[in-house]
Amino acid sequence: VLIFLFFLMIRRPPRSTQSRSSAASDVYKRQAQTAYNIVTKFGMTEKLGFVGYYEDQYGQKKFSEDTADIIDQEMKKIVDMSSERAREIIREKKDLIRNLADTLLEKETLDLKQIVNILGDRPFPPKANYKAFLEIKKATEELEKEQEEQKEPEKQEQELSLI
């Protein structure tokens with residue numbers, strides 16, 4: 001029985017399950033850290049105001065337990081609000097998300113153009129350097145297409161001369 005329990009303890013979950021759970025865990029850690037920073041470092045809550053609450057280099061808090069409780073409450077409020085907003089967006093865009101998922105199952109990878117065709121234009125403009133990159137890429141693709149079109153008659157002439 002002890003050996004069986006030992007093997008149960010050391011047995012790792014399958015890779016796919018492990019990576020999914022660690023990815024989800026990472027998302028929750030980031031969400032909590034962001035909420036903590038919003039409350040303690042950036043002072044972006046009405047209840048606590050524009051005051052920074054820092055810990056010293058040894059992890060000692062420079063504020064009372066009551067303040068720590070308020071920080072926890074404000075963090076929970078931010079996490080709950082952001083989670084609910086994410087759920088709303090997913091519900092609103094359910095059909096688009098499903099179309100994107102189906103297309104990804106078919107093709108495995110998509111470029112930006114394909115994603116825009118499925119989801120539509122972005123609700124905000126891309127950054128200037130990214131926009132410039134896309135314009136250069138588009139111009140390069142058009143140039144390559146023109147070059148291919150010019151080569152077609154030459155290939156046809158070569159094929160005819162071989163016959």
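This is a predicted model: local features need pLDDT of at least 70, side-chain atom pairs count only at pLDDT 80 or more; totals for chains, interfaces and linings use all residues.
User: Nice. What is Val 39 in contact with, leaving aside its neighbours within four places in sequence?
Analyst: Val 39 touches Thr 45, Leu 48, Val 51, Tyr 53, Ile 71, Glu 74, Met 75 and Ile 78.

User: Switching to pockets: what volume does the largest pocket have?
Analyst: About 580 Å³. There are 18 lining residues, and the closest to the pocket's centre are Leu 112, Lys 113, Val 116, Leu 134 and Lys 138. Two or more lining residues come from each of α5 (112-119) and α6 (128-162), and α6 has the largest share, eight residues.

User: How does that lining divide into nonpolar, polar and charged?
Analyst: Ten charged, seven nonpolar and one polar.

User: How much space lies in the second largest pocket?
Analyst: About 280 Å³. Its lining includes Lys 93, Leu 96, Leu 112, Val 116, Asp 121 and Phe 124. The elements giving two or more residues there are α4 (94-107) and α5.

User: Which of them gives the most to the lining of the second largest pocket?
Analyst: α5 does, with four residues.

User: Last one: what classes are in the lining of the second largest pocket?
Analyst: Eight residues are nonpolar, three charged and one polar.

Note on methods:
Residues are numbered from 1 along each chain as its sequence is written. Side-chain values use heavy atoms; hydrogens and water are left out. Contact means heavy atoms within 4.5 Å. On a 1 Å grid over the protein atoms alone, a cavity is a set of points where a 1.4 Å probe fits but cannot get out, and a pocket is an open set with protein on both sides within 12 Å along at least five of seven lines; lining residues have an atom within 4 Å of a point. Grid points are joined across faces, edges and corners, and a volume is the space filled by probe spheres set on the points. Ala, Val, Leu, Ile, Met, Phe, Trp, Tyr, Cys and Pro count as nonpolar, Asp, Glu, Lys and Arg as charged, and the others, Gly among them, as polar.
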